[in-house]
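Q: Could you walk me through this structure? I am new to it.

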Amino acid sequence: DHHPPLEGRRGVRERRVVSHGSFSRIFDEDAEPKQRCIQSLGKSYTKSVEGELRKYGRRFEDRVIETDDVIEALKRLPPEVLEARNLRVKRACDLAMKKTYLPEFIQAAQKPYESYLAKTLAEVRAERAELSTTGLEYIGALEAKGSVSLPEIASLGAVRSQIGK
């Protein structure tokens with residue numbers, strides 16, 4: 001050991017090495033500190049992501065992976081909301097290629113966590129869940145081909161449930 005022993009000295013605390021195992025053991029005994037630690041890390045991460053989104057003028061929902069549900073939700077957005085999304089994505093690509101950021105005053109005006117897609121996406125997912133429980137998966141295949149839209153499928157499901165009664 002390169003450090004001189006601390007025993008026998010007055011006013012000097014004993015040097016302790018905390019191993020990973022004892023660190024996790026401390027948190028296992030009391031869940032509240034663990035929860036506070038995770039919340040603190042979550043807040044820190046959220047601020048970090050917000051800062052990165054502001055630099056390019058993006059919103060959190062602009063970065064959603066475009067699954068079938070997301071694509072359907074995007075189709076249902078008002079044209080001006082969809083156009084604003086597309087412009088944000090193009091601007092971010094342009095800024096990234098130029099290796100620059102938005103000016104500070106524009107970054108300050110950004111609202112990265114303002115939602116524009118969540119409500120519509122929840123509606124699409126609810127409709128898909130309803131369709132899967134009513135046994136209309138084959139109509140979902142037609143919808144995937146583009147021959148029938150999801151709202152039409154939902155109305156067909158309502159008609160089918162009325163006929164079955």
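**Core, rings and surface**

A: The largest nonpolar core consists of eight residues: Val 70, Ala 73, Leu 74, Leu 77, Tyr 116, Leu 117, Leu 121 and Val 124. A nonpolar core is a set of buried Ala, Val, Leu, Ile, Met, Phe, Trp, Tyr and Cys residues joined through side-chain atoms within 4.5 Å. Buried means under 20% relative accessible area, exposed means over 50%, and partly exposed lies in between (1.4 Å probe, protein chains only).

Q: Which elements give two or more residues to this core?

A: These are H3 and H6. H3 supplies the largest share, three residues. Helices (H or I, at least four residues) and strands (E, at least two) are DSSP runs, numbered from the N terminus.

Q: What kind of model is this, and how are residues numbered?

A: This is a predicted model, in which local features need pLDDT of at least 70 and side-chain atom pairs count only at pLDDT 80 or more, while totals for chains, interfaces and linings use all residues. Residues are numbered from 1 along each chain as its sequence is written, and side-chain values use heavy atoms, with hydrogens and water left out.

Q: What is Leu 77 in contact with?

A: Leaving aside its neighbours within four places in sequence, Leu 77 is in contact with Tyr 116, Leu 117 and Thr 120. Contact means heavy atoms within 4.5 Å.

Q: And Thr 120, is that buried or exposed?

A: Thr 120 counts as buried, because its relative accessibility is 15%. Thr 120 lies in helix H6. With neighbours within four places in sequence left aside, its contacts are Ala 73, Arg 76 and Leu 77.

Q: Changing topic: how many aromatic pairs are there?

A: The count comes to two aromatic pairs. The rings of Tyr 56 and Tyr 101 have centres 5.4 Å apart and planes at 75°, so this pair is edge-to-face. Rings of Phe, Tyr and Trp (its six-membered ring) pair if their centres lie within 6.5 Å; planes under 30 degrees apart count as stacked, over 60 as edge-to-face and the rest as tilted.

Q: Where do Tyr 56 and Tyr 101 lie?

A: Tyr 56 lies in helix H2 (residues 31–56) and Tyr 101 in the loop between helix H4 (79–98) and helix H5 (104–109), so the pair ties together parts that are 45 residues apart in sequence. Tyr 56 is partly exposed at 22% relative accessibility, and Tyr 101 is partly exposed at 45%.

Q: What about Phe 60 and Tyr 113?

A: Phe 60 and Tyr 113 form a tilted aromatic pair, 5.7 Å centre to centre with 45° between the planes. Phe 60 lies in the loop between H2 and helix H3 (68–76) and Tyr 113 in the loop between H5 and helix H6 (118–133), so the pair ties together parts 53 residues apart in sequence.

Q: Which ring does Lys 55 lie over?

A: Lys 55 lies over the face of Tyr 101, at 4.8 Å from the ring centre. Arg 88 lies over the face of Tyr 116, at 5.1 Å from the ring centre. A charge sits over a ring if NZ of Lys or CZ of Arg is within 6 Å of the ring centre and within 35 degrees of the ring normal.

Q: How many helices and strands does the protein have?

A: The secondary structure comes to eight helices and zero strands. Buried residues make up 22% of the 165 residues.
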